[in-house]
Amino acid sequence: MSHANRPPDGTLPPAIRGRGASTRIAGRYQHSQVQADDDGWGSLHARDDTDPDGPPPTTVTDEQARSIISRNNSPDVGFSQSVNPYRGCEHGCVYCFARPSHAYLDLSPGLDFETRLFAKRNAAELLRKELAKPGHVPHPIALGINTDGWQPVERRLRISRECLEVLAETRHPVSIVTKSALVLRDLDLLAPMAADGLVNVMVSVTTLDNRLSAKLEPRAAAPHTRLKTIAALHEAGVPVGVLVAPVIPAITDMQLEAILEASRDAGAQAAGYVLLRLPHELTGIWRQWLQQHYPDRAGKVMNILSQMRGGKDYDSRFGTRMRGEGVFAQLLATRFARASRALGFGRLPQPDRSRFVPPSKPSVPSPQGELF
């Protein structure tokens, strides 16, 4: 079941404080929808009983995963193996490309994605088993790539840390992308792994504007906190870079050079960027957000994106989905390349694959002994 995009009168729903999306937009596999209808008691969205005017509460459901290492051969993705301890993300980034994945759970890529989370409590156990398989090839594992492995719920559940402990024990190469300062909790693991050349971290920075960040990514670390995270990782000897993502035309693109410079000053050694991507239901969520927060430039933003996406809101082709095409895309690429050269950015060292030691299998008593 899902709330439709707009109330019956066609007006936009109000933005919800502390959330990126403001409706339970229908997933593409749903066969039925429920139209939200405020009964006058403020019940259009479920609220936290302790804060009737606050955002909808977050629920976490334990999930027993059957496998944990995902593999891909996408030519424009810098990893072939990934581990995602969570489905959904409480950071609530309205632009998150992973939102449409909640449709597979028959849930909304809108509010449900950031309020109904699923935690793979057996992730570390499965990871150990998969690394122990004779055919495992130790390519760097991207930890928490679909949704942030260090989102707020990780503070309590510690699933990403448990996975990192397995990777540290087996000396398995790993790469991390996060926008959370919580990753610094695990410096006791990351620093020794970095000393052995086993890890690198990219910190995602979308904007340096705190107010804009609070609208775009309401429960993620503030921009200045992410810069401090880069500095702390650098000081601890962990190879760290900045990922300017997503770059949003007419909203954040003008900050590109400033983000790169601030990140370099904090200690970032490398940099990358990704253009805003709007797959599946994300297009509707994004358009709604634009109308709520930037109605004066919503048309301009979408027109520029359309020019960069071959006349469409999104183009999923490899080679263009991350960067776009056309004049604006070329200008963005030129600006990034020029700033990166001027700031002296290089490449992060690739994690060392040669140190991997498969985990020992736990001894299992033979059932033969029960016969005597």
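Start by selecting E114 and R99, whose side chains meet in a salt bridge with an N to O distance of 2.6 Å. The model on screen is a predicted one. E114 sits in helix 1, residues 111-115, while R99 belongs to the loop between strand 4 (86-87) and helix 1, so this pair ties together parts that are 15 residues apart in sequence. Colour the two residues by accessibility. E114 has 0% relative accessibility and counts as buried; R99, also at 0%, counts as buried too. This pair is part of a total of 21 salt bridges in the structure.

Next, select helix 4, residues 159-169, and show the side chains of R161 and E165. They form a salt bridge, 3.3 Å from N to O. Within helix 4 the two residues are four apart, a separation of about one helical turn. R161 is buried, at 10% relative accessibility, whereas E165 is partly exposed, with a relative accessible area of 36%.

Move on to R287 and D313, another salt bridge, where the closest N and O atoms are 3.1 Å apart. The two residues come from distant parts of the chain, 26 residues apart: R287 is in helix 9 (residues 282-293), and D313 is in the loop between helix 10 (298-308) and helix 11 (327-343). R287 is partly exposed, with a relative accessible area of 38%, and D313 is partly exposed at 23%.

Helix 9 has twelve residues, and the distance from its first C-alpha to its last is 16 Å, close to the 16 Å expected at 1.5 Å a residue. Which residues of helix 9 are buried? They are L282, T283, I285, W286, Q288, W289, L290 and Q292. To see part of what covers them, display helix 6 (210-216) and helix 10.

The next stop is S263, in helix 8, residues 256-266. Its relative accessibility is 0%, and S263 counts as buried. Show what surrounds this serine: setting aside neighbours within four places in sequence, S263 is in contact with V205, L227, I230, V242 and A268.

Finish with helix 11. It has 17 residues and reaches 24 Å from first C-alpha to last, close to the 24 Å expected at 1.5 Å a residue. Select its buried residues, A329, L332, R335, F336, A339, S340 and L343. Then turn the view to look down the axis of helix 11: the buried residues fall within an arc of 125°, so they line one face of the helix. On the other side of helix 11, look for V327, Q330, R338, R341 and A342, which are exposed.

What do the buried residues of helix 11 pack against? Bring up strand 9 (240-247), helix 8, strand 10 (270-275) and helix 10, and the packing partners are on screen.

Methods:
Residues are numbered from 1 along each chain as its sequence is written. This is a predicted model: local features need pLDDT of at least 70, side-chain atom pairs count only at pLDDT 80 or more; totals for chains, interfaces and linings use all residues. Side-chain values use heavy atoms; hydrogens and water are left out. A salt bridge is a side-chain nitrogen of Lys or Arg within 4 Å of a carboxyl oxygen of Asp or Glu. Buried means under 20% relative accessible area, exposed over 50%, partly exposed in between (1.4 Å probe, protein chains only). Contact means heavy atoms within 4.5 Å. The expected span of a helix is 1.5 Å times one less than its number of residues. The arc is that of the directions from the helix axis to the C-beta atoms.
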